[in-house]
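Q: Please take a close look at one part of this model for me. I would like to start with a single residue and then see what lies elsewhere.

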Amino acid sequence: MPEKRVAFVTGASRGIGRAACIALAEAGYDIAMCARTTTEGQTADGRPLPGSLDSTASEVMSRGRQALKVPMDLLDPQSVSNAIETTLNEWGHVDLLLNNGIYTGPGNMDFFLDVREETIETIFRANFLSQIQLIQRVLPDMLKNGQGRIINMVSNAGIS
């Protein structure tokens, strides 16, 4: 029996992250899924959000794969560290890291010259430093094992 293949996916509660979890499960991966939205109907700024780790996990498990729900906030370095450590403690390794989650708060879609310095720091923390933190944690084992994949998602959500 082949060793368990593990994917660690950020932004897994909806959109591309959710779709990636399902596709990876269909490709034979067990999924460590991370997001802030753990249960259906959680709110952001007073409005309910669609999707959740719970519903993504159900989709993964319906495809015969294991799902590890790991709450994580890209703006909290300790949360990011805890998420990867939880996964490694539970499953021992990560074969595929999909950095899909991004910051979607205030300033995210503003014109560049209108974005305040504090907002740029927030975006940089969530969309760059957190991904580096995860890569640094999984890459040594991938190099030692001679295999692994790291995928960093971007979108064309920017405006000029």
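A: Start with T39. This residue sits in the loop between β2 (29-35) and β3 (43-44). Keep in mind that the model is predicted. Is T39 buried or exposed, or in between? Its relative accessibility is 36%. Buried means under 20%, and exposed means over 50%. T39 therefore counts as partly exposed.

Now set T39 against Q136. The two are 97 residues apart in sequence. In space, 29 Å separates them, C-alpha to C-alpha.

Next, turn to helix α4. This helix covers residues 117-145, and F124 is found in it. F124 has a relative accessible area of 43%. That value lies between the 20% and 50% cut-offs, so F124 is partly exposed.

F124 also belongs to a nonpolar patch on the surface.

α4 gives the most to the lining of the second largest pocket, with three residues. How many residues line this pocket in total? The number is 13. Nearest the centre of the pocket lie R5, H93, D95, Q147 and G148. The pocket has a volume of about 230 Å³.

Methods:
Residues numbered from 1 in each chain as written. Predicted model: local features only at pLDDT ≥ 70, side-chain atom pairs only at ≥ 80, totals over all residues. Heavy atoms only, no water. Patch = residues over 30% accessible without salt bridge, like charges linked within 9 Å, V, L, I, M, F, W, Y side chains within 5 Å. Areas by Shrake-Rupley, 256 points an atom, 1.4 Å probe, with all protein chains shown as cover. Salt bridge = Lys/Arg side-chain N within 4 Å of Asp/Glu carboxyl O. Helix = DSSP H or I, 4+ residues; strand = E, 2+ residues; numbered from the N terminus. Buried < 20%, exposed > 50% of the residue type's maximum accessible area, 1.4 Å probe, protein only. 1 Å grid on protein atoms, 1.4 Å probe; cavity = no way out; pocket = protein on both sides within 12 Å on 5 of 7 lines; lining within 4 Å. Points joined across faces, edges and corners; volume = space filled by probe spheres on them.
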